[in-house]
Structure formats: C-alpha cells, structure tokens
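Open the model in your viewer and keep the selection tool at hand.

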Amino acid sequence: MTDELSLIVGGARISGWTSVRVTRGIERIPSDFDIGLTERYPGEAADVVVHEGDSCQVLIGDDLVITGYVDRFIPGIEARQHTIKILGRGKCQDLVDCSAEWPNGQISGSSALGIAQKLASPYGITVTAGAEVGPAIPQFNLMYGETPFEVIERICRYSALLAYDLPDGNLYLSRVGTTVASSGFVQGQNIEKAEAVYSMDQRYSEYEVLRQSMDNLGDSGSGGNLLSIVKDAGVPRHRRHVIICESGGGAGEDVAKKRGLWEAARRAGRSNQVHIVADSWRDSAGTLWTPNTLVSVSLPALKIQQVQWLIGEVSFMRGEGGSTTNLTIMPPDAFLPQPIVLQPMWADVPAGVAR
C-alpha cells in the first residue's frame with residue numbers, strides 16, 4: 001500500500017512532501033498537520049500554490065485524515081535550495097479559537113448533542129454522537145468570552161462524553177472506545193522504540209470528597225458537607241487527597257461518590273502508559289492507527305505483558321529516517337470524563353436527573 005501524503009487545496013493534489021507530521025487524538029482538538037518540502041530540482045517548490053486560510057484536505061494514501069484550513073504558509077530560501085512549510089488544523093479550530101454565539105445567549109431543553117450542534121452551526125460544523133447523549137438540560141446560559149468548545153467540553157463531561165474531531169473535520173461525541181484494532185504492538189516485530197511510564201506521584205491511597213453547600217442554612221443535617229471516601233488499594237502507603245466537588249442543582253452524595261471513583265480510576269489509569277514508535281502507519285488490516293481504538297500491547301522488556309489499552313493520540317511522521325507512527329497508549333480508565341454538576345450557581349439541573 002502506498003502511503004504518500006497528499007494535500008488537496010483548490011482542487012489541486014500536492015504530494016512529494018519530504019517532512020510530515022499529522023496528529024490526531026481524543027484529548028486534543030483540532031487535529032493538526034505540519035508538512036514541508038525541500039525542492040529536489042530548481043523551481044520545483046515554486047509550483048506549489050497555497051495560501052493561508054485555504055480550505056484543505058490531508059490524505060494518507062486514499063484515506064482522509066484531516067479536513068480543515070491552512071493556518072500558515074512559510075516559504076524560505078537558502079544558498080542552494082528553496083523550502084516550503086505548511087501548517088494547518090481541522091475545521092474544529094473555529095470552535096476552539098472563536099467565541100460562542102447564540103441568540104440571547106440562552107439554550108433551553110437541549111441535550112449535550114443539541115447544544116453542541118447549535119454552537120457549531122455558525123461555523124459550518126456538524127456534530128454527531130456515537131453514544132447515548134444523556135438527558136435534556138432544561139436551561140443553559142452562555143458566558144461572554146467563552147469559546148464554543150469550552151461550553152461543549154463542559155456539557156460533555158456532564159454527560160460522560162468525549163469530544164474530538166473526525167477526518168471529515170466535523171465534531172464527534174463518544175464514550176471511551178470499544179473497537180479493537182486488527183493487530184497490536186509486539187516487541188521485536190513492529191516496534192522501533194518504546195518507553196513505558198509507571199508513576200505513583202499522582203495517585204493516592206484515599207480520596208476524601210466533600211460537597212460543601214453554598215446555602216447559608218445548608219450546613220445543618222445532611223445538607224452541608226456530604227462525604228464520600230474512595231480507596232485505591234494499589235497505593236502502598238497512606239496518601240490522602242481531599243477534593244471539594246461541585247454543589248447545587250440537586251447534587252448529592254452520589255456526585256461525591258462518582259467524583260471519588262473517577263479520581264481513583266483516572267489517576268490509576270494514567271500511572272501506566274506507553275509511548276511507542278511503530279514502523280508502520282497502519283495495522284495488519286491496512287487501517288490507519290486510529291485514536292479511541294483498543295489495541296493489544298506486548299512489551300515484556302518493559303513489564304507489559306499482553307494488555308489491551310486505548311490509543312489516545314497518534315502522530316504520523318515522515319523524515320530522513322523514513323515513516324513511523326508515534327502513539328500514546330494508556331488503559332481505558334485514563335480517558336474517562338470527569339463527572340461534574342452543571343452550572344450549580346443557577347441550579348439548572350433538577351433533582352433526580354441522572355448524572
């Protein structure tokens with residue numbers, strides 16, 4: 001399979017790039033690319049006609065990986081050569097860079113998907129979901145100066161969703177992935193370089209979660225501080241971490257419990273991670289390595305014995321050393337969204353609504 005990277009701008013397909021980096025991930029938005037060309041023959045680079053702000057597509061072979069815009073066009077000259085460098089990002093850059101807009105700044109009776117669709121529509125971006133998007137939010141108020149993605153990220157945490165962009169440039173709401181790649185990474189077979197990180201500095205043996213009431217009269221009985229304690233048996237010594245979680249909106253001890261369980265699970269997940277440089281951009285079925293995909297990893301030399309972890313980020317690289325894929329892989333729990341109480345100051349979420 002030929003994995004030539006192509007940039008399509010204005011109907012023209014440009015290839016022959018000598019340096020390539022294309023990065024996608026479930027914790028970064030938008031996807032982005034950084035590609036360059038050093039001319040092999042005089043005048044070759046002059047044939048590349050690209051302007052900042054152009055709509056573009058990036059393909060690897062026949063597979064679309066990014067749909068977006070050229071952010072920067074950087075031509076350069078040296079004594080014996082002419083160089084070109086192009087940087088760009090996916091369409092969802094407008095959700096990250098620009099300000100949220102909606103008539104009157106108030107959205108009523110919409111789910112996380114509905115709110116995301118409303119905020120993305122002014123920028124020509126569609127939003128789809130691959131999982132249950134949770135209950136309708138009775139009322140949501142935008143704050144001046146917020147970007148669309150700041151709002152979307154917050155409501156997605158409330159609905160336990162991840163938000164990231166797809167190769168077509170549009171936004172996708174999903175849970176932690178369950179799709180398994182056709183092949184994985186095995187020491188001595190398709191791994192050029194690997195580094196495992198095992199950490200304990202961000203883990204605690206005990207998470208004590210307090211929900212402090214904002215109500216002046218709420219400090220009597222069970223209406224004041226609601227306490228939940230979650231333990232992590234994997235921490236070998238006493239280490240306590242106290243968390244003040246959100247209150248209001250009918251939040252109760254269940255929210256404190258969920259917050260404690262999330263802290264323990266996410267921190268434990270992130271204490272085990274592996275960074276791999278693979279010798280191919282694709283798995284054994286010819287599919288590009290894809291974020292939010294489960295993959296098997298076997299690296300006995302790094303104390304990793306046949307685990308099935310989740311791809312969090314992928315960078316397709318090409319340079320003087322050839323083509324490689326840089327991947328960050330962690331246990332699925334490392335990517336669970338943080339449970340929150342949505343806008344407790346306005347009490348928008350009625351008591352009894354699932355969180």
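Select helix H2, residues 112-120: seven of its nine residues are buried, so the helix is largely enclosed by the rest of the structure. Buried means under 20% relative accessible area, exposed over 50%, and partly exposed in between, with a 1.4 Å probe and protein chains only. Helices (H or I, at least four residues) and strands (E, at least two) are DSSP runs, numbered from the N terminus. This is a predicted model, in which local features need pLDDT of at least 70 and side-chain atom pairs count only at pLDDT 80 or more, while totals for chains, interfaces and linings use all residues. Residues are numbered from 1 along each chain as its sequence is written, and side-chain values use heavy atoms, with hydrogens and water left out.

Within H2, colour the buried residues: Ala112, Leu113, Gly114, Ile115, Ala116, Leu119 and Ala120. Now show what they pack against; among the partners are helix H1 (93-97), strand S8 (106-110) and helix H3 (148-158). Contact here means heavy atoms within 4.5 Å.

Next, the rings. How many aromatic pairs does a search of the whole structure find? There are four. Rings of Phe, Tyr and Trp (its six-membered ring) pair if their centres lie within 6.5 Å; planes under 30 degrees apart count as stacked, over 60 as edge-to-face and the rest as tilted. Select Tyr164 and Tyr172: the ring centres are 5.8 Å apart and the planes at 75°, so this pair is edge-to-face. Tyr164 counts as buried at 6% relative accessibility, whereas Tyr172, at 21%, counts as partly exposed.

Move to Tyr204 and Tyr207, whose planes are at 85° with ring centres 5.8 Å apart, so they too are edge-to-face. Both are buried.
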